[in-house]
Amino acid sequence: MVKERIAFPSFSQEPIRLIDPEGCWVAPFSHGLSAQELRHFYRDMLAARLLDEKLVVLVRTGRTSFIAPHAGHEAAQVGIAHALRKGHDWLFPYYRDLGLVLAMGVPPVEIFGQTLGNAADPAKGRQMPSHPGSRPLNIFTVCSAIASHIPPATGAAISMKLRRTHQVAVCTFGDGATSEGDWHAGVNFAAVQRAPVVFVCENNRYAISVNISKQTASENIAVKAKAYGIPGYYVDGLDVLASYFVVQYVVERARAGEGPSLVELAVHRFGPHSSADDDTRYKSREELSAERQQDPILRYQRFLEREGLWDAQWANELRLEIAKELETALQEAQKAGEPDPLQMFDDVYAARPWHLEEQRRQVAEELEA
Ligand SMILES: Cc1ncc(C[n+]2csc(CCOP(=O)(O)OP(=O)(O)O)c2C)c(N)n1
């Protein structure tokens, strides 16, 4: 879904917002989206939320060992997904992006297979849960080491520029990632090379338990772009249309050869950092409940209602349809069974070197015995 470019101001004091919490336009805005496209955002946000809820059940029932909940990030992630040319541009996501990869078109059965680490996982069970990737959709496999995917995103973008492929690399991360050396090296090099890459921070103000006030003395994340000579956009990431239009604007700017940008999407993380975390130990009850009252899906629902595009019956049917789709995918993924242990020797080298051949033979013999 790519429309004409609508310009936005960089380095604004207030976050860029198109729809207010009551679901009203902040100012008249000529969006050019059809009713179907507007509803599509809602569908993807709802699917992201339902996926999150299902993942929580999988971890609580011991069927997977780890998840990084994304509830609260849906507007940001769906906005990003719709701004890319799917299967043409490259996405370099991070572990909290399961709503994003779902909206990019990664089949739910693969997402569940990856979560279960079984034969339905394209990575053949060799990754941590919540670390998906997709070769056909140009999605770089998530890496746990914070910010380690920033230099590869820049490298890929430099290659796109040299080869004139008219592709763009979009790289997402949290606020904590901006304190890593890799983040600065990657952003700086991209800026110098005017590489077609967009850096998107999903800023939920916490890196596990570390609050943003201990992370950076900058007034926000977007302003860091100034130091590298690229534009920075401070955006309300609870507003799906603001997230979409700003990311789309900078993606097309990059595609047009105008260089990289940094976008900060201000979001909330409704759940704990991960299934191994207890957020009530560092977030007050008041803070948690105030955040939940700013649910991005409810805000967009109010907007659609005002536009005459939302009613309870349609939404209920949609919810049931998505829930069924996810349940069917989960059942299918669960049936896939364990991956073949011998697959651990595949994929790393184009031609397997002698020592891996030897190890593979040993494992095969042991399995047979
Ligand atoms: C290089 C490195 N250091 C530390 C960690 C441990 N760690 C995992 S997630 C995380 C917090 C990252 O927070 P942020 O970038 O803000 O993203 P969020 O999880 O809040 O979405 C840390 C410190 C890691 N994975 N890699």
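Predicted model: local features only at pLDDT ≥ 70, side-chain atom pairs only at ≥ 80, totals over all residues.
Q: In what order do the five strands of the open sheet lie, and is the pairing parallel or antiparallel?
A: Strands of a sheet pair through backbone hydrogen bonds, either parallel or antiparallel. The edge strands here are β1 (90–92) and β6 (232–236), each of which pairs on one side only, and the twist averages 20° from one strand to the next. The order is β1-β2-β3-β7-β6, and the pairing is parallel.

Q: What is the handedness of the crossover from β6 to β7?
A: Helix α9 (residues 240–255) lies across β2, β3, β6 and β7 (261–266), and runs at about 160° to β6. The chain passes from β6 through α9 to β7, and this β-α-β crossover is right-handed.

Q: How many bridges join β3 to β7?
A: Strand β7 is mostly covered, since five of its six residues are buried. Val 200 has Val 263 as its bridge partner in β7. Strands β3 and β7 run parallel, and the number of bridges that join them is six.

Q: Which residue in β3 is the bridge partner of Gly 174?
A: Strand β2 (residues 169–174) and strand β3 (residues 197–203) run parallel and are joined by six bridges. For Gly 174, the bridge partner in β3 is Glu 202.

Q: Which strands does helix α5 touch where it packs on the sheet?
A: Helix α5 covers residues 150–163, and Thr 154 has its place in this helix. The direction of α5 makes about 170° with that of β2, and the strands it touches are β1, β2 and β3.

Q: Why does Thr 154 count as buried?
A: Leaving aside its neighbours within four places in sequence, Thr 154 is in contact with Gly 186, Phe 189, Ala 190, Ala 195 and Phe 199. The cut-off for a buried residue is under 20% relative accessible area. Thr 154 therefore counts as buried, because its relative accessibility is 1%.

Q: Is His 73 buried or exposed?
A: His 73 lies in the loop between α1 (35–60) and α2 (74–83). Among the residues in contact with His 73, leaving aside its neighbours within four places in sequence, are Tyr 94, Arg 96, Asn 204 and His 268. Because its relative accessibility is 0%, His 73 counts as buried.

Q: With which residue does the side chain of His 73 make a polar contact of 2.8 Å?
A: The contacts of His 73 include Glu 202, Val 267 and Arg 269. Glu 202 is also the bridge partner of Gly 174 in β3. The polar contact of 2.8 Å joins the side chain of His 73 to that of Glu 202.

Q: What is the radius of gyration of the protein?
A: The protein has 13 helices and seven strands, and 53% of its 369 residues count as buried. Of the contacts with a separation of 6 or more, 76% are between residues 24 or more positions apart. The C-alpha atoms fill a box of roughly 70 × 50 × 40 Å along the principal axes. A compact globule of 369 residues would have a radius of gyration near 21 Å, so the protein agrees with that expectation, at 21 Å.

Terms used: Residues numbered from 1 in each chain as written. Heavy atoms only, no water. Pairing = 2+ DSSP bridges. Helix = DSSP H or I, 4+ residues; strand = E, 2+ residues; numbered from the N terminus. Axes fitted to C-alpha atoms, helices over the stretch in contact; angles between N-to-C directions. Contact = heavy atoms within 4.5 Å. Buried < 20%, exposed > 50% of the residue type's maximum accessible area, 1.4 Å probe, protein only. Polar contact = N/O pair within 3.5 Å; in protein donor to acceptor, adjacent residues only side chain to side chain. Right-handed = clockwise from strand over helix to strand, strands pointing away. Rg over C-alpha atoms; globule rule 2.2 N^0.38 Å.
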